[in-house]
Amino acid sequence: MTCMGESLRTIAFKVRTASCGGTACVNSFGDEQLAVDLLANKLLFEALQYSHSCKYACSEEVPELQDMGGPVEGGFSVAFDPLDGSSIVDTNFTVGTIFGVWPGDKLTGVTGAQQVASAMGIFGPRTTYVLALKDVPGTHEFLLLDEGKWQHVKDTTSIGEGKMFSPGNLRATSDNPEYAKLIDYYVREKYTLRYTGGMVPDVNQIIVKEKGIFTNVASPSAKAKLRLLFEVAPLGFLIEKAGGYSSDGKQSVLDKVINNLDDRTQVAYGSKNEIIRFEETLYGSSRLKAAQPVGAAA
């Protein structure tokens, strides 16, 4: 986690000083000029190789297992999205890095619940590093200071109720009437809309504000596009360690088996009652066993 933290510090600088024009934002990597997402990808692979504790790694940019030289026994395997939201760097929106850590040498045939750690780096007006460890309660936020040090600034151990929503893949409402009903409920009940189009900041705000819901729902014409291994499971681990809940509509995303590196899924993250509402509205019932239907499902 220390090696990844060092990489996030460098990525933050490279994103902040990137030159954007045409179709890409670029910066220097040695003697090369690389798109910032590819640059972040290289930095993270290098960090994992130098850690001497990572056996295999793969990324959304390189979705194949890469041998990092670490041990199988006592070692780890890491999956990461090097720069989620890279297409909005030029607009100066917040973007971020996501990664999950599994024990041993397997990244398929495993579940998100088997992670030993996950984290995200958030590159916005502030640079923060939000992480969770299997045997440590809560989710923990560190702030990058001007002198380059990380300072611990916040622990989150509960996600409460609050009217804030972040609705992804809204085009799915055109042929998913249940999702349309859920969105109508948020609007009718005067929820505050907080959506940037970047998954990292849209999920991070639930941890920071300790309330709200993020949804990204599929439909026949708008298929699920979020990757279980690289995005959904690591963020699900963070949310659930923070005291929140995750769902694909029927189960926690941490209970979904990752069969292929490119498996994709719909997802919601949020407080308990928001996830109950999400599951009941989309599928008629919730595994969280609310005493009675809530909100849009009533």
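Where the two meet, 46 residues come from domain 1 and 29 residues from domain 2, with contact meaning heavy atoms within 4.5 Å. Domain 1 covers 1-155 and domain 2 covers 160-291; these bounds come from an automatic or database domain assignment.

The UniProt record, an unreviewed entry, places the feature "domain: Fructose-1-6-bisphosphatase class 1 C-terminal" at residues 161-281. UniProt positions follow the numbering used here, feature names are shortened, and annotations may be inferred rather than shown by experiment. Residues 161-281 are 39% helix and 20% strand, and their end C-alpha atoms lie 18 Å apart.

## How to read the values

Residues are numbered from 1 along each chain as its sequence is written, and side-chain values use heavy atoms, with hydrogens and water left out. As this is a predicted model, local features need pLDDT of at least 70 and side-chain atom pairs count only at pLDDT 80 or more, while totals for chains, interfaces and linings use all residues.

Helices (H or I, at least four residues) and strands (E, at least two) are DSSP runs, numbered from the N terminus.

## A three-stranded sheet

Let's turn to the strands. An open sheet of three strands has the order β1-β2-β3, with antiparallel pairing; two strands pair if DSSP finds at least two bridges between them. Because β1 and β3 stand at the edges with a single partner strand each, one side of each is left without a neighbour in the sheet. From one strand to the next, the twist averages 35°.

Strand β1 (residues 19-21) is joined to β2 by three bridges, and G21 has A24 in β2 as its bridge partner. Four bridges join β2 to strand β3 (residues 32-35). Here V26 is partnered by A35, and S28 stands opposite Q33. The hairpin of β2 and β3 has two residues between the strands, and G30 takes a positive phi near 65° there.

Strand β2 (residues 24-29) has C25, N27 and F29 on its covered face, with A24, V26 and S28 on the uncovered one.

Helix α2 (residues 36-51) lies across β2 and β3, running at about 40° to β2. For such angles, axes are lines fitted to C-alpha atoms, for helices over the stretch in contact, and the range is 0 to 180 degrees between N-to-C directions. The 16 residues of α2 reach 22 Å from first C-alpha to last, close to the 22 Å expected at 1.5 Å a residue; the expected span is 1.5 Å times one less than the number of residues.

Buried residues of α2 include V36, L39, L43, L44, F45 and L48, along with D37 and N41. Buried means under 20% relative accessible area, exposed over 50%, and partly exposed in between (1.4 Å probe, protein chains only). Just after α2, H52 takes a positive phi of about 60°.

## A loop arginine

R126 lies in the loop between β9 (117-123) and β10 (127-133). At 44% relative accessibility, R126 counts as partly exposed. Leaving aside residues up to four places away in sequence, R126 touches E141 and L143. R126 and V26 are 100 residues apart along the chain, and 21 Å separate their C-alpha atoms.
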